[in-house]
Amino acid sequence: DTLNVRVNPDHRATTPPADTPHSMLRLFVSLQLLVAAFAGVDVCPGEGPRYGDYKCNHDGTHRVCAQLVEESSGSPLSWGEGGDFWEITGQKQWQWDTTIVSEPNPGDSWCICMWAFAKLIGRVGCENVHLRCDSTDISYVLGSYHDGGHSLDEAHTCIEQKCPDAVARFRG
């Protein structure tokens, strides 16, 4: 059991009351992480080795497994009139499609930021986003409301439309 201890100016250790907003936020985040650990997020095929297990459930933003390249050709996948993922999100100069299709976890997808997912939906519509439901940390995304300065409201609605079974498991 971990105790959050602060030292006040008199050099006495104090603990925050259990009902402070900070404590409530820590409890909420801890519960989200616990749910994610037991919910079983699948491997995101194509994700690099940055997390060791190729899953989108480790940091505070890269929680959405999105298909970014064409499975057959390995070239960037179009997300409607806006172009590919890298064009729409302003990351073309860092395009990593060759990494996605290469060992040690070759595939067509990557763990993207929740803000990038929200931006994609805003630009191309939910019907044009390519999402891997079982490899996306549904519980974490639905429990988050902002990421990188972007509201996640449209992301929640899109996940509910595209991943009804996963959402139902989360809401149980």
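Trainee: With the bonded cysteines of the chain numbered in sequence order, what is the pairing?

Mentor: This is a predicted model, where local features need pLDDT of at least 70, side-chain atom pairs count only at pLDDT 80 or more, and totals for chains, interfaces and linings use all residues. Residues are numbered from 1 along each chain as its sequence is written, and side-chain values use heavy atoms, leaving out hydrogens and water. A disulfide here is a pair of cysteine sulfur atoms within 2.5 Å. The structure holds four of them, and the pairing in sequence order is 1-3, 2-4, 5-7, 6-8.

Trainee: Is the link of C56 and C111 left-handed or right-handed?

Mentor: Look at the torsion about the S-S bond. It is -85 degrees, which makes the link of C56 and C111 left-handed.

Trainee: And is the link of C126 and C158 left-handed or right-handed?

Mentor: The S to S distance for C126 and C158 is 2.1 Å. C126 is in the loop between α4 and α5 and C158 in helix α6, so the pair ties together parts 32 residues apart in sequence. With 80 degrees about the S-S bond, the link is right-handed.

Trainee: Is C133 buried or exposed?

Mentor: Buried means under 20% relative accessible area, exposed over 50%, partly exposed in between (1.4 Å probe, protein chains only). C133 forms a disulfide with C163, S to S 2.0 Å. C133 has 19% relative accessibility, so it counts as buried.

Trainee: Why is the pair of F85 and W86 edge-to-face?

Mentor: Rings of Phe, Tyr and Trp (its six-membered ring) pair if their centres lie within 6.5 Å; planes under 30 degrees apart count as stacked, over 60 as edge-to-face and the rest as tilted. The whole structure has four aromatic pairs. The centres of F85 and W86 are 5.6 Å apart and their planes stand at 85 degrees, so the pair is edge-to-face.

Trainee: Which residues do ring pairs link into a cluster?

Mentor: W96 and W110 also pair, tilted, at 5.8 Å centre to centre and 50 degrees between the planes. Both W96 and W110 are buried. Ring pairs link these four into a cluster: F85, W86, W96 and W110.

Trainee: How far from the centre of the ring of Y140 is the charged end of R63?

Mentor: A charge sits over a ring if NZ of Lys or CZ of Arg is within 6 Å of the ring centre and within 35 degrees of the ring normal. R63 sits over Y140 in this way, and its charged end is from the ring centre 3.7 Å.

Methods: Helix = DSSP H or I, 4+ residues; strand = E, 2+ residues; numbered from the N terminus.
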